Amino acid sequence: MIEQYGWSDLLTQAFAPHARAGHTPGRVVLQQRDGYLVVTDQGEVRAKASGRLLHEAKEIGHPAVGDWVAVSLTPQERTGVIQAILPRSTAFVRRAAHSSRGLQIIAANIDVAFVVTSMNADLNPRRIQRYLAAAWQSGARPVVVLTKSDLCDDPQAQVAEIAALATDCPVLMVSARQDLGLDALLAQVKPGETCVLIGSSGVGKSSLVNAFLNEDRMATQAIREADDQGRHTTSHRQLILLPGGGMIIDTPGVREVGLIDAEEGVDAVFDDIERLPQDCRFNDCSHANEPGCAVRAALESGALAPERWAHFQKLKLELAAAEEKAERAARDVERRRLAGLQKHYRATKRNDRGLRD
Ligand code: GDP
Ligand code: ZN
């Protein structure tokens, strides 16, 4: 059952010590004030975080929707205690206003972030860039979605305009009303992958989720119930299976993620790796073959998994490239705006002269 939620060989490896401790792996699908709903191979269980986890929350945050966790199950009852959170591959993070409260994880292990904007509203490049930045910072792949194409006379022109702004990610257009482009959107989320929709209120995010689930909701429910030995499943979840094998996380916190300072997403997920180079002998260590390199030592001792190190390096490169591109795109937009103003100004002057002559 947890394979359906994206369980992988890498996670099996990370889980090994917890398996030895007799714990069960699961994924958090709902967060409520008084606890969590976690899917496991034994079905869905209600769980609370252990005292030790609460203690660690300042560093790694509380469990969040999308997290893979190690649960100790109570026999008979369908409840458990979350004993550990597996390392997150990506996360949307908010630094709590009060720094002593530490990290707030909004959602974890998201592969694709759909940056949603509506075609009938004014195009706001800055806002799109802010959402794109939040997506990149989290570690997820951004995909720009232009909604309500049925309300737009020349949708292709708008797609082209956005594509010039978001050069390193796909730009798709959809109409939930006319059922156009939904399959192409779903195709961006591979089986076992998790997506989110981020964007301002009113752009059509709920309509998209509903459109995704409408036809296949019954089928999805049937699969769930079969896997759950026919037991009735809780209908309300924040992590939902999509037709096609992907998942979507839909919570108010995720939707607003672009409005907050998400700069620290990658740093928070990779905090331990960020700190490693401080222990390298040389300040400018490239972690290649310098003596006294703390990163290579950690890799050799097994303290740092090579996959995580590779993922971290890749994200850093992508982030740097994305920031540069966003900056360049913003400069281009500004230049075009200025050029337009100058043209307008010259034309007005010509007109003025024309009137005077
Ligand atoms: P959210 O706040 O981003 O979740 O936006 P909603 O999904 O609630 O949609 C906001 C409004 O836009 C609603 O009145 C929808 O009916 C409308 N809407 C959503 N998708 C479409 C679409 O594809 N075409 C048209 N014409 N309207 C849409
Ligand atoms: Zn080094």
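Student: What makes Ser-207 a polar contact of ligand 1?

Tutor: An N or O atom in the side chain of Ser-207 is 2.6 Å from an oxygen atom of ligand 1. A polar contact is a pair of N or O atoms within 3.5 Å. The pair therefore qualifies. Ser-206 has a polar side-chain atom 2.6 Å from a ligand oxygen. Asp-150 has a side-chain N or O atom 2.8 Å from a nitrogen atom of ligand 1. The protein buries 74% of the 580 Å² that ligand 1 exposes when taken alone (accessible area, Shrake-Rupley method, 1.4 Å probe).

Student: What should I know about the model and its numbering?

Tutor: The model is predicted: local features need pLDDT of at least 70, side-chain atom pairs count only at pLDDT 80 or more, and totals for chains, interfaces and linings use all residues. Residues are numbered from 1 along each chain as its sequence is written, chains are lettered from A and ligands numbered from 1 in the order written, and side-chain values use heavy atoms, without hydrogens and water.

Student: Which residues around ligand 1 come nearest?

Tutor: Asp-150, Gly-202, Lys-205, Ser-206 and Ser-207, out of 15 residues around ligand 1. A residue counts if one of its heavy atoms lies within 4 Å. By class, three are nonpolar, seven polar and five charged. Gly counts as polar, and Asp and Lys as charged.

Student: Which helix gives the most to the shell around ligand 1?

Tutor: Helix α6, residues 205–214, with three residues. Helices are DSSP runs (H or I) of at least four residues, and strands (E) of at least two. Contact here means heavy atoms within 4.5 Å. Angles run from 0 to 180 degrees between N-to-C directions, with axes fitted to C-alpha atoms.

Student: What makes β9 and β10 a pair?

Tutor: Two strands pair if DSSP finds at least two bridges between them. Three bridges join β9 (141–147) to β10, and the two run parallel. So they pair. Val-144 stands opposite Val-171 in β10.

Student: In what order do the strands of the closed barrel run?

Tutor: The five strands run β1-β2-β3-β5-β4, with mixed pairing. Neighbouring strands are turned by 50 degrees against each other on average, direction ignored. Five bridges join β4 (68–73) to β5 (79–85), and these run antiparallel. Ala-70 stands opposite Ala-84 in β5. Helix α1 (9–20) lies across β1, β4 and β5.

How values were computed:
A polar contact is a pair of N or O atoms within 3.5 Å; within protein, one must be able to donate a hydrogen and the other to accept it, and residues adjacent in sequence count only if both atoms are side-chain atoms.
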